[in-house]
Amino acid sequence: MTKFSDFAVATRWPAQNPDILQLYSLATPNGVKVSIMLEEIGLPYEDHKISFDTNDQFDPAFLEISPNNKIPAIVDPNGPQGEAVSIFESAAILIYLAEKSGQLLPTDPIKRLDVLKWLMFQMGSVGPMFGQFGWFHTFAGKEIEDPRGADRYAAEAKRILSVIEKQLSDGRDWIAGDYSIADIAIAPWLNTMKNFYKGGERVGWDEFTKVHAYLERFLDRPAVQTGLKVPA
C-alpha cells in the first residue's frame, strides 16, 4: 500500500502533519483554484510553495507528482482504498476534491454535466487564451513590435468574456446554477485579467457588466479571500 512517505516530496518539502492533504502550489490563477477549493470544503491541508524563482517546478521530487512540471499538485495520504495518491492538473484535483468531500459538484447527472462542461471551458479556453494575452500584454511579449500576436489574444479574450457574459445573462449568480467547481476554476482567471494583467481596457472589460458583478460576488466569499493568499 502506497504511503505518503513513499513520495519524494515528503522529504524535499517535509510536512508538519503528514496525515493530512499536502498541496504543492503557487498563488497563480491555476494554483489558487485548489487552495480556494480546500478552504471552501473545509478539508485540512498543508501548503508548500513551489517557487518558480528557484525552478522548484523542475525538481525531481515535484516531477514525480507533476510530470508536466506545472502547479498545482496534491498528495492525499488518505486516498481511495486508504492509499496515498498524487494528482496533478487543477481540474482533475477539483473533481477529486469535490467527489471526496461531496461538495461543489452536483450528483444529479444533468447538473453535473453542466458543471463539468464549464470546467472544461475554463481549461480549454479561458486559461490558455487569457494566459497568452497576459504574456503579450504584461510580460515579455509586450516588447514584440509586430502587433498581430497581441491583437489575436486580446480579441480571443474579449470573445471568451462575451461567452461568460451571455451565460450570466439569465439572472444566474453562478456559471452553472449553484456555486461549484466551475466558478472556482473560472473566476480566478477573471481576477487575474482585471487585477494582475490590467487588461481591462484592451479587452473591453467595462462592457461586461455581468462578468464584473460575478467576479465581485466571488471575491466576497471568505474562503476565496483566504485561498487567494495560499501559499504565502
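Predicted model: local features only at pLDDT ≥ 70, side-chain atom pairs only at ≥ 80, totals over all residues.
The contact draws on 17 residues from domain 1 and 20 residues from domain 2.

How much area do domain 1 and domain 2 bury between them? The figure is about 1600 Å². Of this, 71% is on carbon and sulfur atoms. On the domain 1 side, Pro29, Ile36 and Leu104 lose the most area to domain 2. Together they give 34% of what that side buries.

Two salt bridges are found across the interface of domain 1 and domain 2. Elsewhere in the list of pairs, glutamate 40 forms a salt bridge with arginine 221. Their closest N and O atoms are 2.8 Å apart.

**A buried glutamine and a surface patch**

Glutamine 122 sits in helix α5, which runs over residues 109-137. Is glutamine 122 buried or exposed? Its relative accessibility is 1%, so it counts as buried; the cut-off for buried is under 20%. Leaving aside residues up to four places away in sequence, glutamine 122 touches Asn30, Lys33, Gly127, Pro128, Ala185, Ile186 and Trp189.

Phenylalanine 139 lies in the loop between α5 and α6. With a relative accessible area of 39%, phenylalanine 139 is partly exposed. Phe139 also belongs to a nonpolar surface patch with Trp135, Ile144 and Phe196. Together these residues have about 400 Å² of accessible area.

**Backbone details**

Some backbone angles deserve a look.

| Item | Feature | Angle |
|---|---|---|
| Isoleucine 71 to proline 72 | cis peptide bond | omega about 0 degrees |
| Valine 230 to proline 231 | cis peptide bond | omega near -10 degrees |
| Asparagine 69 | positive phi | about 50 degrees |
| Leucine 104 | positive phi | about 65 degrees |

Where do these residues sit? Proline 72 is in the loop between α3 (60-65) and β3 (73-76). Asparagine 69 is also placed in the loop between α3 and β3. Asparagine 69 is partly exposed, at 22% relative accessible area. Proline 231 falls in the segment after α10 (222-227).

Leucine 104 is in the loop between α4 (90-101) and α5. Leucine 104 has its positive phi although it is not a glycine.

How values were computed. Residues numbered from 1 in each chain as written. Heavy atoms only, no water. Helix = DSSP H or I, 4+ residues; strand = E, 2+ residues; numbered from the N terminus. Buried < 20%, exposed > 50% of the residue type's maximum accessible area, 1.4 Å probe, protein only. Contact = heavy atoms within 4.5 Å. Patch = residues over 30% accessible without salt bridge, like charges linked within 9 Å, V, L, I, M, F, W, Y side chains within 5 Å. Areas by Shrake-Rupley, 256 points an atom, 1.4 Å probe, with all protein chains shown as cover. Salt bridge = Lys/Arg side-chain N within 4 Å of Asp/Glu carboxyl O. Buried area = accessible area lost by both parts, 1.4 Å probe.
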